[in-house]
Amino acid sequence: MEDIHPKEKLPYVLKQFEKQGKGEFSLARNIPIKRRDDSVFYADINCTPIELGEKKYKMAIFRDITTRQEVEIKIKEEQEIHINLLENIDKINKVIGSSSNLDEMMYNIKPPSDLFFYSCCIILYFPFCSQSKPRVILK
């Protein structure tokens, strides 16, 4: 087992395979796998008992989940940005709505310690800068 799983993760891997062997689930998720160069990737492993002749074996199918994990991380980061924006939308509207130009808007942010808030104000201001009273409208 140590030849394909990192030594420090072996207790977790063995526990997952034990549960899988008892039939608690058929798909072991997020199992660390060592490559020949000792780098690690994560895989979902589906294991099924089979018989060949008179011998019993376990057939395992490994699915590399690296891309899925990368996408999940990006989705989580995007969700955090949107949640932060929604939590601050009233504050952003107030600053943008009370400013007639960009300089005045930036002056109204005292001080720009919250870089996220500051950036949102600038990004949201530009589409509305031709209006006398810019507003952020959410539908």
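R68 sits in helix 2 (residues 66–87), where helices are DSSP runs of H or I with at least four residues, strands are E runs of at least two, and both are numbered from the N terminus. This is a predicted model, in which local features need pLDDT of at least 70, side-chain atom pairs count only at pLDDT 80 or more, and totals for chains, interfaces and linings use all residues. Residues are numbered from 1 along each chain as its sequence is written, and side-chain values use heavy atoms, with hydrogens and water left out.

Back to R68. Its relative accessible area is 34%, so R68 counts as partly exposed; buried means under 20%, exposed means over 50%, and partly exposed is what lies in between (1.4 Å probe, protein chains only). Setting aside residues up to four places away in sequence, R68 touches R29, N30 and D44, a contact being heavy atoms within 4.5 Å.

One of those partners, N30, deserves a look of its own. N30 belongs to strand 1 and has a phi near 55°, a positive value in a residue other than glycine. Most residues other than glycine have a negative phi. D38 also has a positive phi, about 70°, although it is not a glycine. D38 lies in the loop between strand 1 and strand 2.

| Residue | Relative accessible area | Class |
|---|---|---|
| I33 | 6% | buried |
| Q16 | 13% | buried |
| K34 | 23% | partly exposed |
| N30 | 31% | partly exposed |
| D38 | 55% | exposed |

Now for strand 1 itself, which covers residues 27–34 and includes K34. Leaving out neighbours within four places in sequence, K34 is in contact with E2, D3, I4, H5, P6, S39 and V40. K34 and E2 are 32 residues apart in sequence, yet their C-alpha atoms are 8.8 Å apart in space.

I33 is in strand 1 too. At 6% relative accessibility, I33 counts as buried. With neighbours within four places again left aside, I33 is in contact with I4, H5, P6, S39, V40, F41, A43, I45 and F62. I33 and V13 are 20 residues apart in sequence, and 9.6 Å separates them from C-alpha to C-alpha.

Both I33 and V13 are members of the largest nonpolar core, which has 7 residues: V13, A28, I31, I33, F41, A43 and I45. A nonpolar core here is a set of buried Ala, Val, Leu, Ile, Met, Phe, Trp, Tyr and Cys residues joined through side-chain atoms within 4.5 Å. Strand 1 and strand 2 are the elements that give two or more residues to this core. Helix 1 holds Q16, and beyond four places in sequence Q16 touches F25, A28 and I31. With a relative accessible area of 13%, Q16 is buried.

Where is there empty space? Rolling a probe the size of a water molecule over the atoms shows where it is left. The largest pocket has a volume of about 280 Å³. A pocket is an open set of points on a 1 Å grid over the protein atoms alone where a 1.4 Å probe fits, with protein on both sides within 12 Å along at least five of seven lines, and lining residues have an atom within 4 Å of a point. The volume is the space filled by probe spheres set on the points, which are joined across faces, edges and corners. Of the 13 lining residues, F17, Q20, C47, K58 and A60 are the closest to the centre of the pocket.

Helix 1 (10–21), strand 2 (40–52) and strand 3 (55–64) each supply at least two residues of that lining. Strand 2 gives the most, with 4 residues. By type, the lining divides into 8 nonpolar, 4 polar and 1 charged; Ala, Val, Leu, Ile, Met, Phe, Trp, Tyr, Cys and Pro count as nonpolar, Asp, Glu, Lys and Arg as charged, and the others, Gly among them, as polar.

Finally, the whole chain. There are 5 helices and 3 strands, running α-β-β-β-α-α-α-α from the N terminus on. Of the 139 residues, 24% count as buried. Among contacts between residues at least 6 apart in sequence, 38% join residues at least 24 apart. The chain exposes about 10,400 Å², and carbon and sulfur atoms supply 56% of it, using Shrake-Rupley areas with a 1.4 Å probe.
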